[in-house]
Amino acid sequence: PVLLHRTREALGAHFRKVLLRYDLTDPQWRVLRILSEPEDFDVAALARRSYLMGPSLSRILRDLAARELIVRKPASNDARRFFQSLTPKGRQLLTEVSPQFNPIYIDIERRFSVDRIEGLNETLSELLKLFQSL
């Protein structure tokens, strides 16, 4: 587990350099990326998909809404339930930031090789399935 965490942090440092230019954190970016998908997400679904705890997610949603990157919409059939969605400004930010990660991905592929990355992804997926089933 320590090696996985250290690897994640080492890789994340490269991506954080891009995010910092836009005053974004890793978890904020994760939420924005999830909200770019075509389906609607209420807070519970967003928490499950983002692997964020409720209090952290609430703060992130508040901060992204204050920056007008997302908007909260009530469910049509339940006034207690709300869905989050990207604003045009949020979509524009994703369009601007996402391509800046391409050189990082290319460098990782160059240094580690596509075959090894695919093998690592398969191994990590197997490990995840193993421990999710416990």
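**Burial and charge**

Mentor: Gln-84 counts as buried because its relative accessibility is 6%. Buried means under 20% relative accessible area, exposed over 50% and partly exposed in between, with a 1.4 Å probe and protein chains only. This is a predicted model, in which local features need pLDDT of at least 70 and side-chain atom pairs count only at pLDDT 80 or more, while totals for chains, interfaces and linings use all residues. Residues are numbered from 1 along each chain as its sequence is written, and side-chain values use heavy atoms, with hydrogens and water left out.

Trainee: Which residues is Gln-84 in contact with, leaving aside neighbours within four places in sequence?

Mentor: Contact means heavy atoms within 4.5 Å. Gln-84 is in contact with Leu-35, Phe-41, Val-43, Leu-46, Leu-61, Ile-70, Val-71 and Arg-72, once neighbours within four places in sequence are left aside. Gln-84 lies in strand E3, residues 82-86; strands (E, at least two residues) and helices (H or I, at least four) are DSSP runs numbered from the N terminus.

Trainee: Is Glu-122 buried or exposed?

Mentor: Glu-122 counts as exposed because its relative accessibility is 52%. Glu-122 sits in helix H7.

Trainee: What share of the negative patch comes from helix H7?

Mentor: Helix H7 (residues 114-132) gives the largest share, four residues.

Trainee: How many helices and strands does the protein have?

Mentor: The protein has seven helices and three strands, in the order α-α-β-α-α-β-β-α-α-α from the N terminus. Of its 134 residues, 27% count as buried.
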